Amino acid sequence: MAPSMEKARSFGPSLKRLVGQLRYYRIRMIVVVVAMVGSVVLTSIAPRILGHATDLLFSGVIGGKLPAGLTKEQAVEGMRAHGQGKFADMVAAMDVTPGQGVDFHAVGNVLLTVLILYLGAALCGWLGAYLLNIIVVGTITRLRGEVEEKVHRLPLSYYDSAARGDLLSRVTNDLDNLSQSMQQTISQLLNSVLMVIAILIMMFTISPLLSGIALATVPLAIVATALIASKSKPQFIGQWASTGKVNAQIEEAFTGHELVKAFGRRGEVERVFDEENQKLYESSWRAQFISGMIMPAIMFLGNLNYVAVAVVGGLRVASGQLSLGEVQAFIQYSRQFTQPLTQIGSMFNQMQSGVASAERIFDVLDEPEETPDPADPITPDSDHGRIVFDDVDFSYRPDKPLIEDLSLTAEPGQMVAIVGPTGAGKTTLVNLIMRFYDVDSGTITVDGADSMKMTRADLRERTGMVLQDSWLFGGTIYDNIAYGDPDASREQVLEAARISRVDDFVRSLPDGYDTVIDDEGGGVSAGERQLITIARAFLAQPTILILDEATSSVDTRTELLIGQAMAALRSDRTSFVIAHRLSTIRNADLILVMENGHIVEQGTHDQLLEAKGAYYELYNSQFAAAIE
């Protein structure tokens with residue numbers, strides 16, 4: 001589930017796995033790197049060439065002030081003779097002609113060259129960014145597809161224990177945050193790392209001494225970044241875990257808003273929300289504050305670096321060991337050198353958040369899946385719906401057995417009713433038939449074939465299921481019914497609607513079967529929603545029909561009509577009916593009374609009343625008081 005702040009994993013392995021997601025775009029990534037290298041090389045060369053323009057200007061200014069007709073050596077000797085030794089050293093190191101001013105033509109050529117270099121760098125940068133955007137979007141699209149496929153492969157036990165809001169947050173908010181983080185950081189990170197390497201090379205070609213001074217602050221920047229990052233990572237984990245909890249709480253409150261109002265629990269819901277929202281605020285604030293310290297720390301070290309380089313560089317120019325253009329280029333390099341370091345530091349904020357989201361997504365992808373279908377599946381020879389439980393054992397937890405030594409046979413065409421108190425194992429029984437859960441021991445056969453040796457798709461194609469909570473999707477009533485069999489003709493859909501009595505109320509609607517309903521079933525009553533789901537099951541023409549309190553939301557008359565329709569549908573089909581309202585199962589061919597995972601009684605309605613056992617007591621508890 002959502003990792004806690006105490007369970008934050010190391011940054012490196014998670015980042016490595018995330019980068020591994022880019023392997024599907026190797027060729028494009030190579031082109032991106034080449035384009036980025038080209039952009040960085042052109043950008044890094046430009047200041048050195050621009051420094052030559054400064055030398056031309058400075059030399060022209062100095063040369064224009066020297067007497068014409070002298071050689072540079074004569075001018076230098078004259079300055080030394082007048083006690084201007086330092087100035088003479090500087091002029092001696094310059095490419096200057098006494099009496100000659102600035103060569104603006106040469107300066108213009110240099111500036112044009114720099115302009116071409118920057119245009120080429122911009123073009124390479126644009127190409128790299130364009131391809132990288134395609135890679136990131138493609139990676140997130142593929143990752144979203146993997147999550148979607150994973151969700152369908154997860155066992156029902158995962159959904160029984162996971163908060164829906166948190167799962168939705170993982171597959172929506174976390175994926176969106178990861179996409180944004182990758183788009184903002186990969187390009188900058190590549191560019192910054194390459195820029196640091198290129199600038200280091202250029203700085204060492206100018207002055208190893210100044211390069212050493214510039215590098216002196218790098219270890220401090222690395223230590224500061226690593227220290228701050230280690231403190232901020234758990235906070236980002238907590239931030240997105242809290243986001244999932246807040247989403248789960250909101251989803252629960254909105255889904256059950258009628259219940260919240262009916263029981264007057266609005267204050268408690270708001271209190272719980274305020275608590276979770278406060279936790280989210282605190283973790284978000286700490287994450288942003290701590291990670292936000294990286295950039296100011298690196299900028300401070302960069303400013304110290306700039307001052308040291310400027311002072312030492314000025315002394316080197318004055319002594320003639322470096323030209324003014326070289327120092328200008330070096331200072332520009334030193335600022336460019338600290339800039340990518342600062343960007344890398346600032347990106348840690350977004351990177352930490354993105355990796356935290358990636359971990360939550362990987363948690364879902366790493367969840368244990370359903371046991372795979374057999375490599376050589378079998379298919380029943382017939383399609384009658386004979387179900388046999390043979391010494392079946394099952395438990396949700398190994399230390400708490402639920403169903404033990406369960407054996408029963410449901411013949412084709414039989415209506416098997418399952419009754420009993422809450423927690424007796426009624427719904428678990430049908431979950432085992434559908435293989436939402438697998439048995440611990442024993443076998444369940446469908447028309448003689450072991451269900452564990454069948455594919456789940458084959459098994460479930462033979463089964464239609466209507467739950468107590470009706471599920472509809474946004475669309476027309478016709479589309480919701482046709483969901484049971486996408487290949488059914490319109491006449492078949494309408495026939496299923498007539499059998500299930502959907503046709504009776506649909507004809508009273510202005511748009512009939514084209515009436516649009518939302519996923520909450522807005523526009524139709526609870527009973528009408530249930531009728532639509534029953535029509536959907538009828539359309540599928542299943543061999544096995546499972547109704548889990550399917551008539552609990554319909555009135556008595558509708559319940560009677562559905563019973564009549566089911567009687568016609570049950571021919572050569574097996575139906576399992578979980579019911580609390582015993583009036584719906586009086587005509588059942590077999591009634592199973594379950595308690596604590598065991599079948600304590602079985603028989604027809606009349607037989608069980610005569611036995612005066614558990615069913616008799618359950619029946620009297622519902623009807624005796626009403627008769628009195």
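In the predicted model, helices H2 and H5 are roughly antiparallel to each other, because the angle between them lies over 145 degrees. The angle in question is roughly 160°, and the axes of H2, which covers residues 26-65, and of H5, which covers residues 104-153, come within 8 Å. The two helices cross in a left-handed sense, and the residues of their contact divide into 30 nonpolar, eight polar and one charged.

Helix H2 also packs against helix H7 (residues 164-206), the axes coming within 9 Å and crossing at roughly 40°. For this pair the crossing is right-handed. On the H2 side the contact involves Met29, Val32, Val33, Met36, Val37, Val40, Thr43, Ser44 and Arg48, which meet Ser187, Leu190, Asn191, Leu194, Met195, Ala198, Met202, Thr205 and Ile206 of H7. Sorted by class, the residues of the contact between H2 and H7 comprise 12 nonpolar, five polar and one charged.

A further helix pair is formed by H8 (residues 208-215) and H12 (residues 294-318), whose axes lie 9 Å apart at an angle of about 165°. H8 and H12 are therefore roughly antiparallel to each other, and H8 passes H12 in a right-handed crossing. H8 contributes Leu209, Leu210, Ile213, Ala214 and Leu215 to the contact, while H12 contributes Asn305, Ala308, Val309, Val312, Gly313 and Arg316. Of the residues in the contact of H8 with H12, eight are nonpolar, two are polar and one is charged.

With regard to the chain as a whole, the protein contains 22 helices and 12 strands, and buried residues make up 45% of its 628 residues. Among contacts with a separation of 6 or more, 81% are accounted for by residues 24 or more positions apart.

When residues up to four places away in sequence are not counted, valine 419 touches Lys426, Ala579, Leu582, Ile585, Ile591, Leu592, Val593, Met594, Tyr615 and Leu618. Valine 419 and valine 577, although 158 residues apart in sequence, are separated by 8.6 Å in space, C-alpha to C-alpha.

A search of the whole structure for aromatic pairs finds seven. In one of them, the ring centres of phenylalanine 394 and tyrosine 396 are 4.9 Å apart and the ring planes stand at 80°, so the pair is edge-to-face. Phenylalanine 394 is buried, with a relative accessible area of 4%, whereas tyrosine 396, at 42% relative accessibility, counts as partly exposed. In another pair, tyrosine 615 and tyrosine 619 have ring centres 6.3 Å apart and planes at 25°, so the arrangement is stacked. Both of these tyrosines lie in helix H22 (residues 614-627), where they are four residues apart, about one turn of the helix. Tyrosine 615 and tyrosine 619 are both buried, and tyrosine 615 is also one of the residues touched by valine 419. Phe394 and Tyr396, for their part, form one aromatic cluster together with Tyr437.

Backbone geometry was also examined. Aspartate 447, a residue other than glycine, has a positive phi near 50°. Aspartate 447 lies in the loop between strand E4 (441-446) and strand E5 (449-450), and with a relative accessible area of 12% this residue is buried. Glutamine 541 likewise has a positive phi near 50° in a residue other than glycine, and is found in the loop between helix H19 (526-539) and strand E9 (544-548).

How values were computed
Residues are numbered from 1 along each chain as its sequence is written. This is a predicted model: local features need pLDDT of at least 70, side-chain atom pairs count only at pLDDT 80 or more; totals for chains, interfaces and linings use all residues. Side-chain values use heavy atoms; hydrogens and water are left out. Axes are lines fitted to C-alpha atoms, for helices over the stretch in contact, and angles run from 0 to 180 degrees between N-to-C directions. Angles under 35 degrees count as roughly parallel, over 145 as roughly antiparallel, 65 to 115 as roughly perpendicular and the rest as oblique. A crossing is left-handed if the near helix is turned anticlockwise from the far one by less than a right angle, and right-handed if clockwise. Contact means heavy atoms within 4.5 Å. Ala, Val, Leu, Ile, Met, Phe, Trp, Tyr, Cys and Pro count as nonpolar, Asp, Glu, Lys and Arg as charged, and the others, Gly among them, as polar. Rings of Phe, Tyr and Trp (its six-membered ring) pair if their centres lie within 6.5 Å; planes under 30 degrees apart count as stacked, over 60 as edge-to-face and the rest as tilted. Buried means under 20% relative accessible area, exposed over 50%, partly exposed in between (1.4 Å probe, protein chains only).
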